[in-house]
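Here are a few notes to read alongside the model.

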Amino acid sequence: MTKSNVKAYAAQSATSGLGPFGITRREPGPSDVHIEILFCGVCHSDLHAVRNEWSSVMPTVYPIVPGHEIVGRVTRVGSAVAKFKAGDLAAVGCLVDSDRDCPRCTEGLEQFCPHLTLTYNSPDKHLGGVTYGGYSDSIVVDERFVLRVPSNLNLAATAPLLCAGITTYSPLRHWGVTNGKKVGVVGLGGLGHMAVKFARAFGAQVVVFTTSPGKQDDALRLGAHEVVVSRNANEMRKHAGSFDFILDAVSADHDLNAYVSLLGLDGNLTLVGAPEKPLALAAFGLILGRRSLSGSAIGGLPETQEMLDFCGKHNITADVEVIPIQKVNEAYERLLKSDVKYRFSIDMASLKS
Ligand SMILES: [Zn+2]
Ligand SMILES: [Zn+2]
């Protein structure tokens, strides 16, 4: 197979940080799309993977090239590609392949396929080794896993939609958030700020829960109707039993029961953050009110396209701070302190310099 050499940023070990590294991409096969990467968002998962912090579930193979919030321009397509041509905008999220024929793939829920290939650190079926992600010049992906990007959106701010965007859009849709529903968003970070924008666009009454009173103005600007400081028990009590749905995007240890008690009859609390230790839950919180607790992970390909189209129609993107790739290690340190509003987006032109 012909291959091409590509500039990238990789970590060589859990403690090395990221630095320049050359990788190989396959030549596009008949159904492949070759994309020049313009922007790549920085997801907290990138940091976990680079530092091998999820070693019990997904041990990191080094060198690792992270990045799964990819936006770029199509440069070449294989002979059988129907959806894309050279010059089109295109995007790639967390998945680059799956078995494509299991019941989940057939339903368009590829994110739950037992044989999915993640954009980075998954076995690479074509070249051997592991897949390399979006902190690179270009990527080659089967067209089934490539998304179309609306032409009216800012591209740097579109990249985070591919993980932070779909991770919040999907559960809001699944749990029927529409006009008139009361929706809570716990935590105003990369995920939370997208959840606020989507819930507002769906017509919901949106309440943000935060531990930092300083985030109030920002939450309102992003579309929240009300902000509750979660440490204030009185403020919390005022909302008891009143929510249709709450999305919890906090990955630090916190008290779930306080939020379960805010749900109304048949209300649902969905987790998209992943605290390290198991969370304690009082069963009566769920029993009295037929409430439910769920999790959710990204979205399938059809829903990711639906989300991007929705964003194009409603002019929704992430709030980003654009950085050159040379600042990525510094960005990781700032990410740990939540010192970003609300997502870093790497301008991949910087990789050429
Ligand atoms: Zn991510
Ligand atoms: Zn499958």
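**Notes on cysteines, zinc and a buried glutamate**

1. Start with Cys 40: its sulfur is 9.6 Å from the closest cysteine sulfur, that of Cys 43, which is too far for a bond. A disulfide here means a pair of cysteine sulfur atoms within 2.5 Å, and a search of the whole structure finds zero of them. Cys 40 is also buried, at 0% relative accessibility (buried is under 20% relative accessible area, exposed over 50%, partly exposed in between, with a 1.4 Å probe and protein chains only).

2. A word on the basis: this is a predicted model, in which local features need pLDDT of at least 70, side-chain atom pairs count only at pLDDT 80 or more, and totals for chains, interfaces and linings use all residues. Residues are numbered from 1 along each chain as its sequence is written, chains are lettered from A and ligands numbered from 1 in the order in which they are written, and side-chain values use heavy atoms, leaving out hydrogens and water.

3. Next, please look at the zinc ion (ligand 2). Asp 99 (OD), Cys 102 (SG), Cys 105 (SG) and Cys 113 (SG) coordinate this ion at 2.0 to 2.3 Å (donors are N, O and S atoms within 2.8 Å of the metal, or 3.2 Å for Na, K and Ca). Their spacing in sequence is D-x2-C-x2-C-x7-C.

4. Finally, Glu 110 is buried, with a relative accessible area of 2%. Beyond its neighbours within four places in sequence, its contacts (heavy atoms within 4.5 Å) include Cys 105, Arg 104 and Arg 144.
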